[in-house]
Amino acid sequence: PDVCLAVGQKQKSGVESFGYYSIEPGVNATLPAGFSARVAYRYRDAFNDANADQSRTLRASVGYSLTKTDKVSLGYDRLRGDGANNTTYVAYTRSF
């Protein structure tokens with residue numbers, strides 16, 4: 001298990017930027033033959049309730065290590081809250 005905590009500034013078009021925080025607990029699994037998987041849940045909200053920018057995202061991905069430093073992944077995010085969006089993505093990651 002892992003947990004990612006973050007704070008930041010968000011800029012929406014036409015409004016003043018505002019601060020937010022997010023909490024994302026997740027579970028990583030190492031699978032045979034260089035594969036890995038991750039499932040996580042992110043809760044994000046503005047510090048100031050007047051900004052009303054709360055979201056909840058369920059994330060799932062599988063990855064394959066090409067080398068010790070190179071990895072490709074396929075993932076899916078399901079966002080709900082003050083917006084609804086489903087995203088499928090392909091990623092390449094190089095570690096160093």
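Leu-31, Phe-35, Tyr-64, Leu-66, Val-72 and Tyr-92 together make a nonpolar surface patch of about 550 Å². A patch here takes residues with over 30% relative accessible area and no salt bridge, joining nonpolar side chains (Val, Leu, Ile, Met, Phe, Trp, Tyr) within 5 Å and like charges within 9 Å. A salt bridge means a side-chain nitrogen of Lys or Arg within 4 Å of a carboxyl oxygen of Asp or Glu. The areas come from the Shrake-Rupley method with a 1.4 Å probe, and for residues only the protein chains shown count as cover.

A quick word on the model: it is predicted, so local features need pLDDT of at least 70 and side-chain atom pairs count only at pLDDT 80 or more, while totals for chains, interfaces and linings use all residues. Residues are numbered from 1 along each chain as its sequence is written, and side-chain values use heavy atoms, with hydrogens and water left out.

Tyr-92 belongs to strand E6 (residues 85–94); strands (E, at least two residues) and helices (H or I, at least four) are DSSP runs numbered from the N terminus. Tyr-92 counts as exposed because its relative accessibility is 52%, the classes being buried under 20%, exposed over 50% and partly exposed in between.

Now the rings. The structure holds 3 aromatic pairs, where rings of Phe, Tyr and Trp (its six-membered ring) pair if their centres lie within 6.5 Å, with planes under 30 degrees apart called stacked, over 60 edge-to-face and the rest tilted. Tyr-21 and Phe-47 make a tilted pair, with centres 5.4 Å apart and planes at 35 degrees. Tyr-21 lies in strand E2 and Phe-47 in the loop between strands E3 and E4, so this pair ties together parts 26 residues apart in sequence. Phe-35 and Tyr-64 are tilted too, at 4.9 Å centre to centre and 50 degrees between the planes. That pair links strand E3 to strand E4, 29 residues apart.

| Residue | Relative accessible area | Class |
|---|---|---|
| Tyr-21 | 26% | partly exposed |
| Phe-47 | 54% | exposed |
| Phe-35 | 40% | partly exposed |
| Tyr-64 | 33% | partly exposed |

Ring pairs also link Tyr-21, Tyr-43 and Phe-47 into a cluster.

Two more details. The charged end of Arg-44 sits over the ring of Tyr-20, 5.7 Å from its centre; the test asks for NZ of Lys or CZ of Arg within 6 Å of the ring centre and within 35 degrees of the ring normal. Ala-33, in the loop between E2 and E3, has a positive phi near 60 degrees despite not being glycine. Ala-33 is exposed, at 61% relative accessible area.

Terms used:
Buried means under 20% relative accessible area, exposed over 50%, partly exposed in between (1.4 Å probe, protein chains only).
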